[in-house]
Amino acid sequence: MTGPAENRLPPGGVTEAVLDRSGLAALVTALRRRGRTVIGPTVRDGAIVLDELDSATALPYGWGVELEAGTYRLRRRDDGAAFAHSAGPQSWKSFLHPERVRQWSADRGPGGDLTVREERPERVSYAFLGVRPCDLRAIRILDRVMAGGRYHDPAYLSRRTGAFLIVVECTEPGATCFCVSMGTGPAADAGYDLALTEVVDAEGHRFLCRSGTEEGAAVLAELPRRAADDTTRTAAVLGVREAAERMGRSMPPVDLRTLMRDTLEADRWDDVTARCLSCGNCTMVCPTCFCTTTEDVTDLTGDHAERWRRWDSCYDLDFSLLHGGPVRATPRSRYRQWLTHKLGTWHDQFDSSGCVGCGRCIVWCPTGIDLTEEAHALHREAGGSQEAP
Amino acid sequence: MHPPDPPQSVRPRLGVFKFASCDGCQLTLLDCEDELLALAGEVDIAHFAEASSDTAPGPYDLALVEGSVSTPEHLDRIRRIRDESRHLVTIGACATAGGVQALRNYADVEEYLATVYARPEYIATLATSTPISAHVRVDFELRGCPIDRGQLVEVITAFLAGRKPGIPNHSVCFACKRRGNVCVTVAHGTPCLGPVTHAGCGALCPTYGRGCYGCFGPAATTNLPALIPLLHRDGMSAEDTGRFLHTYNVTAFTAVETQGPGPAHEEGTP
């Protein structure tokens with residue numbers, strides 16, 4: 001029943017095994033039995049979205065996607081794969097850093113006395129199924145932003161702490177993917193509880209499953225499984241390796257932080273501004289864009305007030321509104337702020353790039369602005385290689 | 001710190017007034033079913049002809065004005081209401097942009113009169129339908145055709161609290177993404193004005209799988225020349241696109257129709 005790998009384990013844990021579709025179904029059941037809210041990919045409204053899964057039958061078996069700048073189409077696949085898709089319309093940010101969170105509320109009593117109550121976020125026990133390696137990196141980046149440094153965000157931590165992460169390595173990159181350029185995929189290195197690699201070949205549809213934590217090993221031990229075999233291992237490694245060679249996009253092979261710093265006055269910013277709608281879609285779908293604003297609301301009596309935090313975007317004119325007007329008044333300055341922060345000054349602020357190469361901003365930009373194309377154009381304008389992206 | 005509840009007579013006096021409009025925005029106030037009693041407790045609804053024929057003269061602390069200025073009589077009346085009101089808030093596309101009736105601004109009104117009315121000489125009308133702000137100072141403009149109930153309550157609540165209304169000026173896309181919708185343009189190829197339209201409806205149409213048709217008018221910043229090629233790509237002819245943009249907010253969209261993303265080299269870029 002079990003493979004040799006188990007000999008190296010804490011008692012009862014399993015580090016590597018092969019699951020079939022019933023094993024995957026048992027995984028969802030086991031996590032739900034542990035009281036976890038399981039979030040994973042599922043088909044809704046013509047896209048593969050992230051939503052709560054009642055069972056593994058909701059996974060997008062047999063669905064793939066066809067991606068291009070500004071277009072996303074669901075496509076039927078004849079191999080029945082569950083995870084052969086990328087760049088959906090949301091990211092895990094939607095669950096870890098929700099679009100609107102109450103921070104405190106206040107009441108004024110009959111005598112005019114004020115009672116202020118800090119919001120105590122309800123602890124959510126999430127399991128995320130189908131986290132791509134690029135998105136795993138994005139979660140790590142959000143961890144740094146929201147819970148690293150001096151100030152920790154309680155709303156984020158209440159959702160993030162103890163979240164069970166099931167990574168699925170990428171074997172089917174989209175035309176807008178460039179995780180290889182950003183060093184974030186398509187293989188998963190660390191930071192997961194379980195890592196799956198989907199294999200569909202003559203020997204069937206199965207998942208090579210590795211545990212990365214004790215809890216992952218304990219969950220894996222509960223599932224119907226078989227020992228990992230070399231055929232499956234080889235197919236998994238090859239699938240991921242081939243994915244790395246099929247990236248639809250790439251970044252110019254230069255230090256992007258330096259490129260951003262040295263091209264602040266490039267003509268290319270005018271070119272991209274002509275195509276930019278300032279609609280904010282790229283920031284909303286980005287798995288690492290974290291900016292928020294605050295909204296204070298009162299009721300009609302004025303005796304009850306609440307402060308809410310909601311997603312905001314550097315594309316909004318009011319985002320930089322100070323006394324006297326917006327600091328970034330032009331769309332050019334706002335696009336440039338977004339890209340130079342994402343690829344450049346993020347390093348100064350958080351010690352990494354803010355981009356993980358998931359390609360969502362390319363797909364979900366209505367006019368199809370492609371940040372890799374913009375980076376290549378800036379690179380060319382700065383005297384770099386004339387090669388097309 | 002907290003003043004005692006004022007006697008009934010000193011509650012702020014609210015007036016609701018109609019110009020050229022369909023009454024739908026005023027109706028939104030009556031539609032505030034959960035808040036209506038609380039509102040009636042906080043303000044003295046002094047003039048609201050759609051709700052009650054018992055109307056009282058000014059002055060008013062807050063005037064909500066629906067409709068556009070469309071007749072010679074409107075010109076005098078809006079000035080009188082302004083003079084009698086401490087705060088004047090316009091509600092809806094007619095009052096903020098001239099409404100669908102402003103289509104006549106781009107046509108010959110005499111020709112319309114001759115075509116529509118048997119005795120055009122009985123009709124007193126202006127050649128144009130214009131927003132309230134073209135005639136008097138307006139303290140706040142609430143958009144929409146019709147306005148959103150939640151936003152109306154927010155504006156009245158903000159007025160009562162003496163604070164700025166929390167009404168964002170960004171695009172419908174912000175609300176659509178926050179709602180977790182799948183983009184109808186990107187995923188379905190549906191023509192949608194969301195990227196250039198002022199938020200406020202909660203992305204109602206895209207939530208039900210159809211494109212936004214711009215009933216809240218243009219967002220604070222727009223780039224229509226970049227969006228129009230997408231509308232053509234998704235099956236709209238030039239004529240369709242014209243009709244799409246020229247509805248309830250015809251004047252507001254016309255004003256930005258050929259306007260790109262703004263002067264690219266303008267200062268303001270730290």
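Two residues are in contact, in the sense used on this tour, if their C-beta atoms, placed from the backbone, lie within 7 Å. With that in mind, note before selecting anything that this is a predicted model, and that it scores ipTM 0.93 and pTM 0.92.

**Chain B and its two domains**

Start by selecting chain B, where the domain assignment gives domain 1 (8-161) and domain 2 (172-256). Colour these two ranges separately, and you will be looking at parts whose C-alpha centres lie 26 Å apart. Where they meet, 14 residues of domain 1 of chain B are in contact with 13 residues of domain 2 of chain B. On the domain 1 side of that meeting, helix α4 (residues 93-97) of chain B gives the most, with 3 residues, and by class this side has 6 nonpolar, 6 polar and 2 charged residues.

Next, colour chain B by pLDDT, for which the mean is 92, with 93% of the residues reaching 70 or more. Residues 263-270 of chain B, by contrast, have pLDDT below 50, although this stretch has 17 contacts in the model beyond near neighbours in sequence. Where pLDDT is low, the predicted coordinates should not be read in detail.

**Where chain B meets chain A**

Now show both chains together, and select the 43 residues of chain B that are in contact with 49 residues of chain A. The elements giving two or more residues to the chain B side are α2 (36-42), α6 (149-161), α7 (172-178), α8 (184-188) and α10 (224-233) of chain B. The residues of this side divide into 22 nonpolar, 16 polar and 5 charged.

**Inside chain A: a strand residue**

Move to chain A and select A:Val18, which lies in strand β1 (residues 16-19). Is A:Val18 buried or exposed? A:Val18 counts as buried, because it has 22 C-beta neighbours inside 10 Å and the cut-off for a buried residue is 20 or more. Leaving aside neighbours within four places in sequence, the contacts of A:Val18 include A:Phe207, A:Leu208, A:Cys209 and A:Asp229. A:Val18 and A:Asp229 are 211 residues apart in sequence, yet 7.9 Å apart in space from C-alpha to C-alpha.

**A helix with a buried face**

Finally, select helix α9 (residues 268-275) of chain A, and show the side chains of its buried residues, A:Trp269, A:Val272 and A:Thr273. Turn the view to look down the axis of α9(A): the buried residues fall within an arc of 105°, so they line one face of the helix.

Technical notes: Residues are numbered from 1 along each chain as its sequence is written. Chains are lettered from A and ligands numbered from 1 in the order in which they are written. This is a predicted model: local features need pLDDT of at least 70, side-chain atom pairs count only at pLDDT 80 or more; totals for chains, interfaces and linings use all residues. A residue is buried if 20 or more other C-beta atoms lie within 10 Å of its own, exposed if 12 or fewer, and partly exposed in between; C-beta atoms are placed from the backbone. Helices (H or I, at least four residues) and strands (E, at least two) are DSSP runs, numbered from the N terminus. The arc is that of the directions from the helix axis to the C-beta atoms. Ala, Val, Leu, Ile, Met, Phe, Trp, Tyr, Cys and Pro count as nonpolar, Asp, Glu, Lys and Arg as charged, and the others, Gly among them, as polar. pLDDT is the predictor's confidence in each residue, from 0 to 100. Domain bounds come from an automatic or database domain assignment.
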